[in-house]
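Subject: Structure for you to look at

Hello,

Here is the structure I promised to pass on. Please open it first and keep it beside you while you read the notes below.

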Amino acid sequence: MNKNPGVGKNIKRQRAFKGIKQSHLAENIGVSRVTLSKYENGKVDISLGQLKLIVENLEIDFNHLFL
């Protein structure tokens with residue numbers, strides 16, 4: 001998936017809204033906290049598989065990442 005700062009920003013917003021720490025979400029999706037930070041800041045590509053894990057852990061609809 002292409003780098004998309006909007007998607008990362010929405011991941012960060014949803015994570016904060018749910019009160020989930022970056023380190024906790026990172027552990028649950030199998031990446032380092034630094035990698036998750038890079039996702040949230042649009043600095044690295046996020047695979048479709050990682051996006052699926054993120055939405056499952058945040059318990060949100062996939063479309064919320066693209067609004």
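**What was found**

E59 is found in the segment after α4; helices (H or I, at least four residues) and strands (E, at least two) are DSSP runs, numbered from the N terminus. This is a predicted model, in which local features need pLDDT of at least 70 and side-chain atom pairs count only at pLDDT 80 or more, while totals for chains, interfaces and linings use all residues. Residues are numbered from 1 along each chain as its sequence is written, and side-chain values use heavy atoms, with hydrogens and water left out.

E59 has a positive phi of about 55° although it is not a glycine. Most residues other than glycine have a negative phi. E59 is also exposed, with a relative accessible area of 66%. The term buried means under 20% relative accessible area, exposed means over 50%, and partly exposed is in between (1.4 Å probe, protein chains only).

Which residues of α4 are buried? In this helix, residues 48–58, they are Q50, L51, I54, V55 and L58. Seen down the axis of α4, these buried residues fall within an arc of 135°, so they line one face of the helix. The arc is that of the directions from the helix axis to the C-beta atoms. An α-helix has 3.6 residues a turn, so residues three or four places apart point the same way.

G49 and G30 are 19 residues apart in sequence and 11 Å apart in space, C-alpha to C-alpha.

**Helices α2 and α3**

G30 follows α2 and has a positive phi, near 80°. Just after α3 there is another glycine with a positive phi: G42, at about 70°.

How do α2 and α3 pack, and at what angle? Helix α2 (residues 22–29) and helix α3 (residues 33–40) pack at about 100°, and their axes are 8 Å apart. That makes α2 roughly perpendicular to α3. Axes here are lines fitted to C-alpha atoms, for helices over the stretch in contact, and angles run from 0 to 180 degrees between N-to-C directions. Angles under 35 degrees count as roughly parallel, over 145 as roughly antiparallel, 65 to 115 as roughly perpendicular and the rest as oblique.

On the α2 side, Q22, S23, L25, A26 and I29 meet R33, L36, S37, Y39 and E40 of α3. Contact means heavy atoms within 4.5 Å. By class, the contact of α2 with α3 has 5 nonpolar, 3 polar and 2 charged residues. For these classes, Ala, Val, Leu, Ile, Met, Phe, Trp, Tyr, Cys and Pro count as nonpolar, Asp, Glu, Lys and Arg as charged, and the others, Gly among them, as polar.

In α2 the buried residues are Q22, L25, A26 and I29. Down the axis of α2 they fall within an arc of 100°, so they line one face of the helix. In α3 the buried residues are L36, S37, Y39 and E40. Their arc, seen down the axis of α3, is 155°, so they too line one face of the helix.

L25, in α2, is buried, with a relative accessible area of 1%. Leaving aside neighbours within four places in sequence, L25 is in contact with R15, I20, L36, N57 and L58. L25 and R15 are 10 residues apart in sequence and 8.1 Å apart in space, C-alpha to C-alpha. E40, in α3, is buried, with a relative accessible area of 5%. With neighbours within four places in sequence again left aside, E40 is in contact with G8, K9, I11, K12, R15 and Q22.

Beyond its neighbours within four places in sequence, N10 is in contact with H64, L65, F66 and L67.

Rings of Phe, Tyr and Trp (its six-membered ring) pair if their centres lie within 6.5 Å; planes under 30 degrees apart count as stacked, over 60 as edge-to-face and the rest as tilted. By this rule the count comes to 1 aromatic pair. The rings of F62 and F66 have their centres 5.3 Å apart and their planes at 45°, so the pair is tilted. F62 is partly exposed, with a relative accessible area of 30%, and F66 is partly exposed at 40%.

Regards
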